[in-house]
Amino acid sequence: MGFFEKLSAGLAKTRNAIFGNIGEMENADRIDDEMYEELLEQLVLADTGIDVAEELVDKLKAEVKKNRLKTGAEALEALKGLITEMMTPETPFAPAGKPAVILVIGVNGVGKTTSIAKIANLYKNEGKTVLLAAGDTFRAAAAEQLTIWANRIEVPIVAHSEGSDPASVLFDAVQSASAKGMDIVICDTAGRLHNKKSLMDELSKISRVVKKACGEADVETLLVLDAITGQNAISQAAQFVDAAAATGIVLTKLDGTAKGGSVLSIKQKLGLPVRFIGVGEGVDDLMEFDPKAFTDALFVK
Ligand SMILES: Nc1nc2c(ncn2[C@@H]2O[C@H](COP(=O)(O)OP(=O)(O)OP(=O)(O)O)[C@@H](O)[C@H]2O)c(=O)[nH]1
Ligand SMILES: [Mg+2]
């Protein structure tokens, strides 16, 4: 399956339940209040959040007026442009440094470890040398889970015994990758709830120690959010952003929800760009987020 086919398949639920309906405006021969009301309602159903839905409709109204758009088809094209623009990051994802370090954080079960394997696979296929670091020393069998992935995609891993200090595992991994001249280290961490202060403090420490091992500029901290929880995930994210200075979002499980519209509000609400999206359980089911392709896939017929 090609990139676009996989993306479209992953967004099928969101498209079938919602964006397909919005796409119907293409057939309208005029633009009226009823169209705007219907659009607002559908966007809210897609879990964009009410404020982002209103913002989009207002922007569309302004664009229709400014450019004297007449038909539903013209309005739909304008809407697609606005959606793409809303999701486009200010800067591309380009982890730098030797090694570049990607620290992956988030609530329990959102898809951190699986996403790490998928991201590692992506970079390995680009010819980069990747090291995995088993920073979840808390959950039983977490390191084994990551080791299985490492073996499957054939990349090395640094793991300590269960219960050891997560910050020191990650420190060792970064130092080892640095000594070997590797390109990328991807660090797993234990899942934690945003309202557990001691665990959030531990995350701050992990983040500090990793930055000490290689330099702050070389660390990208990706917060993983589960698309199935939609706007709830976004409201839990602020504490993670504070505790570990997250720099981007991985949105997983888009294939499992009709509420993929939450992607539209992430940049607006968290001030962070979406960097990767997960569209399935397989190792190839993750892609770098491309706002234009994402928008096209929402409306493809
Ligand atoms: N359908 C689907 N399932 C996914 C996706 N990403 C992850 N999963 C599944 O989500 C489940 C949890 O994934 P993990 O990677 O173990 O999640 P985690 O955040 O590391 O979990 P903890 O370490 O326990 O906090 C697994 O069954 C994954 O296969 C995705 O994009 N789509
Ligand atoms: Mg995990």
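How far is an oxygen atom of ligand 1 from an N or O atom in the side chain of Thr113? Select both and you'll find 2.8 Å, a polar contact (a pair of N or O atoms within 3.5 Å; within protein, one must be able to donate a hydrogen and the other to accept it, and residues adjacent in sequence count only if both atoms are side-chain atoms).

Before you go on: this is a predicted model, where local features need pLDDT of at least 70, side-chain atom pairs count only at pLDDT 80 or more, and totals for chains, interfaces and linings use all residues. Residues are numbered from 1 along each chain as its sequence is written, chains are lettered from A and ligands numbered from 1 in the order in which they are written, and side-chain values use heavy atoms, with hydrogens and water left out.

Stay with ligand 1 and show the backbone. A polar backbone atom of Gly111 is 2.9 Å from an oxygen atom of the ligand, and a backbone N or O atom of Gly278 is 3.3 Å from a ligand oxygen. Taken alone, ligand 1 exposes 660 Å², and the protein buries 81% of that (Shrake-Rupley method, 1.4 Å probe).

Now select the shell: 19 residues surround ligand 1, with Lys112, Thr113, Thr114, Asp255 and Glu281 the closest (a heavy atom within 4 Å). Helix H6 (residues 112-125) gives the largest share, four residues; helices are DSSP runs of H or I with at least four residues, strands runs of E with at least two.

Next, jump to Phe19 and Phe299. Their ring centres are 5.5 Å apart and their planes at 85 degrees, so this pair is edge-to-face (centres within 6.5 Å; planes under 30 degrees apart are stacked, over 60 edge-to-face, the rest tilted). Phe19 is in helix H2 (residues 12-23) and Phe299 in helix H12 (residues 291-299), so the pair ties together parts 280 residues apart in sequence.

Last stop, the backbone. Lys98 and Pro99 are joined by a cis peptide bond, with omega about -5 degrees. Pro99 lies in the loop between helix H5 (72-87) and strand E1 (100-105).

Notes
Rings of Phe, Tyr and Trp (its six-membered ring) pair if their centres lie within 6.5 Å; planes under 30 degrees apart count as stacked, over 60 as edge-to-face and the rest as tilted.
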